[in-house]
Amino acid sequence: MQTVENISLDGTWVLINEKKNIQVQCLVPGTVFEALINNSVIEDPFYGENEDKSSWVYNSDWLYEREFDVNSDFLTHSKIILCFLGLDTLTDIYLNGYLLGSTNNMFRSYEFELKSLLKQGKNKLSIKFYSPTKNAQEKIKKNKYSLNTGYAGIPGVPYLRKAQYSFGWDWGPKLPDIGPWKSVFLNGYDDIKFDSIHITQSLEYSNTTSAMEDIHDFSLNNVISVKIQIKFKFKYLINKSETNYSIKISIIDPNKKILSNEADFEVDLEKTQIFELDIANPILWWTHDLGKPNLYDFTAQIFEKINGHEIDRIHLKIGIREIKLINTKDKWGESFYFLLNRVPIFAKGANWIPIDSFIPRGKKLVLYQKNLKYAKEANMNFIRVWGGGIYEDDLFYDLCDEMGILVWQDFLFACAIYPIHDGFLENAKIEIIQNIKRLRNHPSLALWCGNNEISMLWPFLQFKTGLLNLGNRNIRKQYKKSYINFFGKTIPELVRTYDPDHSYWPSSPSNGKVAKNQIGLMGYFKQNSSHYGDSHFWNVWHGGAPFSAYRRFNSRFMSEFGFESFPSIKTLQTFCSKEDFDFYSLIMKNHQKNKAGNKKIMNYMKKRFVIPKDFEKQIILSQITQAEAIEYGVEHWRRNRNNFHCMGALYWQLNDCWPVASWSSLDYYARWKALHYFAKRFYSPFLPSLKDGKKSSEFWITNDNAKIEKGSLSWKIFDLDGILINSGSQKVEVHACNSKKVLQFKTGTGYVVLYSLQGNIGKNGNNSSIFNGFRLLNKPKYFKGGNPEISYTINEIKENEENSKEKIEELKFKLTLTSKKLALYAFIESNDVDFIASDKYFAISPNESREILIRVLDSKLPGIREKFLNSLEVSSLFDLK
């Protein structure tokens, strides 16, 4: 008997469009747009208004072809399967001219039996891709109503199991891609192979109490053992009674200690195979802010008993941890928070969208590593994978496992009503089962969520799709019943069956209920309550409300809120010329997909700043405005964490899929906006924050760590001329997972407060500055402090980073800044070189210094050191006039 064998069909293929007389080489995994760009068939769709010129691509049909060789040994396998991990989206598949079958779901994997069709030597595989937009229009015509995702998207995408954002969103272009976006391979096996594996855990704690609110130091709540249960399922061709095989398990802990090696047992094909293992004093997986995301190496192998020949193996990394969603009735309504190893987590993070409009290209550009590394650096411990995108690449979840970032995973339904006929829901069920099984073993996975905003928006969705105009109440009732059944019964049953260890939440936002009286005219208010479940808050931005509106919404868990800004000048230059550097130029408007978005950015800016004539300065002020808006909300909700009143703040959004003015804190190229620097501060685990009022202000300290933290809070109060009028300091002590008001003092609106927190939470326990912040108690345009006269010295730092998947080549410097007068929003910039600073848009007290570490990216480029040093500029609010 042979070992299970794979032959990769990734690599070079041929892309053909007969009508356009196009035939070019391309790569798989890959897409049509990526291939056409690489072969100079089309201009960059991201540049200028080229997006509008690219519609012929997705309105066309395309053919992918390649030849491959198969040797005689491979053909001796009893079973040979052609495996597609992802096809986008509508295809017919041919081998040697024979139709194998069709596909209609981007999110599913597909398998086709090939044994009788393969030939020794050359074979030809052809995939005919059909236009998704034409198919969507046909479905609209057939069903007589236009299912859609809103004004920014091409109608009809809800009819397709395809990434919804690709048809256009209010931050993304209309560029629905096509192609084999994941790997293709042949799989040959004989009697038996692994089909799936499911690892569950049961932790035993030294402290048996469940009264979490009574614990002041969670580090005392130790795990003394864990029972691991490993469930195997097999694919087999042999008689079920045969037992000529054994399974061997190997588990190696994070310290490289072998815990179980060659613990073999017989394969029983009649039922799911279960293997159990007890580990004493396990090394737990934590989010990076609470500890180390420790991973165990796990390997399972199938052997023939007689000769010891290995037939198949599975290898993965597992984290020992317990994650629970807690919904408990309390004085406000009902809680919504996560317990990780019995520590209540305040979720700090952002919403995640696909990394590129052309997804395989984004992976090749290392955008997964960059975006997630930078999320971790901004102290994020939670990412929500939004339901209008994709079930992410395995690399995404592997990186979250390694970096200690929890994942909220939406199922892929967003802002739309979905079909109830033509096998649509059955197709979606297969997709859901496949992806639950693919992702359930990741320690980073925290939650399954049914959809994005459908429960809340149901009445509006009926109106915009035309369902209200049909005049047939029965049709509307059928759609409502289908929604309630699918998201209230079908999906939760699938989660309970295939992944009972993870919680399911029906929609975001939601109060957790899916019923007739919850989905309707009043659903908007019931499903987006400040008393139950998670919330989306858009009064700031969409509603034009001031930042202070955040404080009037005391969410239990804020899973979506946001504010827009422009990306950096370097990013703008990738899609337009300097002649288009204007908020209202045609190209700038095309790279703003939210209605009146650029005007709204400017209106908010005018309320706070004197608007400079220079466009580059306007861009920076747009970013500062965005950053301060989100900061205002996050600090408020973090102050409310006591008694689990509010336990999460995930802003919209972390990243972009193209260069655009949007809500992101990292632009398409993973360049940090001001918001990302602010996030690094306002997501600090030991955070001082200033709650300003008309007559008095309060200092609060929030401690998200699992133990009591002590420190020293210092502050300086200046008037609007930059003159020091008061200062002080105070020792602080805050219980684990708690927030505490430590000082209240009289203030008006004519002050600037600088504050810092020193503590001993570093690795060596040394007293060090862990936070520096400031707050203007009035609008920045009223600050009249004059030129701060900032000077600096710079020295190169030479050190070697450890090898890891997170590594990005960098050149490092230490910059020491000194200001003669009070400097606000001080920042370092280079229009020529990409770099990341340890802090940016900060304040400097008169005659004091700040040390800033700088990492120059792409440090291997020739002359990058000199280019950076020659282009370095230091500025502040004074220079933004």
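**Before starting**

I reminded myself that this is a predicted model.

**Entry 1: the second largest pocket**

I began with the second largest pocket and asked how much space lies in it. I got about 1,900 Å³. Its lining takes in 48 residues. Lying nearest the centre are Leu85, Phe185, Asp195, Asp394 and Arg438.

Next I wanted to know which elements supply at least two residues of the lining. On the strand side I noted S5 (79-84), S8 (110-113), S10 (184-189), S11 (192-205) and S18 (310-318). On the helix side I noted H6 (359-364), H8 (394-403) and H9 (424-439). S18 gives the largest share, with six residues.

S11 had come up in the pocket lining, and I followed it into its sheet. I found an open sheet of three strands in the order S11-S12-S16, with antiparallel pairing. S11 and S16 (273-280) are the edge strands with a single partner each, so one side of each has no neighbour in the sheet. From one strand to the next, the twist averages 20 degrees.

I then checked how many bridges pair S11 with S12 (residues 223-236). There are 13, in the antiparallel sense. To get my bearings I picked out isoleucine 192, which stands opposite tyrosine 236 in S12.

**Entry 2: aromatic pairs**

I searched the whole structure for aromatic pairs and came away with 71. I wrote up two of them.

Tryptophan 386 and tryptophan 652 are edge-to-face, at 5.5 Å centre to centre and with 75 degrees between the planes. Where do tryptophan 386 and tryptophan 652 sit in the chain? Tryptophan 386 is in the loop between S23 (382-385) and H8, while tryptophan 652 is in the loop between S29 (648-651) and H17 (674-682). The two are 266 residues apart, and their pair links distant parts of the chain. Both tryptophan 386 and tryptophan 652 are buried.

Phenylalanine 413 and phenylalanine 487 also make an edge-to-face pair, with 5.3 Å between centres and 90 degrees between planes. I placed phenylalanine 413 in the loop between S24 (406-410) and H9, and phenylalanine 487 in H11 (residues 473-498), so this pair ties together parts 74 residues apart in sequence. Phenylalanine 413 and phenylalanine 487 are both buried.

I followed the ring pairs onward from there. They link Phe413, Tyr418, Phe424, Trp458, Tyr483, Phe486 and Phe487 into a cluster.

**Entry 3: helix H17**

I came back to H17 and asked why it is largely enclosed by the rest of the structure. It is because eight of its nine residues are buried. I listed the buried ones as Ala674, Leu675, His676, Tyr677, Phe678, Ala679, Arg681 and Phe682.

**Entry 4: the sheet with S39**

My last stop was another open sheet of three strands, in the order S41-S39-S43 and with antiparallel pairing. S41 (842-844) and S43 (873-875) are its edge strands, each pairing on one side only. Neighbouring strands here are turned by 40 degrees against each other on average, direction ignored.

I counted three bridges between S39 (residues 823-829) and S43, which run antiparallel.

Notes:
Residues numbered from 1 in each chain as written. Predicted model: local features only at pLDDT ≥ 70, side-chain atom pairs only at ≥ 80, totals over all residues. Heavy atoms only, no water. 1 Å grid on protein atoms, 1.4 Å probe; cavity = no way out; pocket = protein on both sides within 12 Å on 5 of 7 lines; lining within 4 Å. Points joined across faces, edges and corners; volume = space filled by probe spheres on them. Helix = DSSP H or I, 4+ residues; strand = E, 2+ residues; numbered from the N terminus. Pairing = 2+ DSSP bridges. Axes fitted to C-alpha atoms, helices over the stretch in contact; angles between N-to-C directions. Phe/Tyr/Trp six-rings, centres within 6.5 Å; stacked < 30°, edge-to-face > 60°. Buried < 20%, exposed > 50% of the residue type's maximum accessible area, 1.4 Å probe, protein only.
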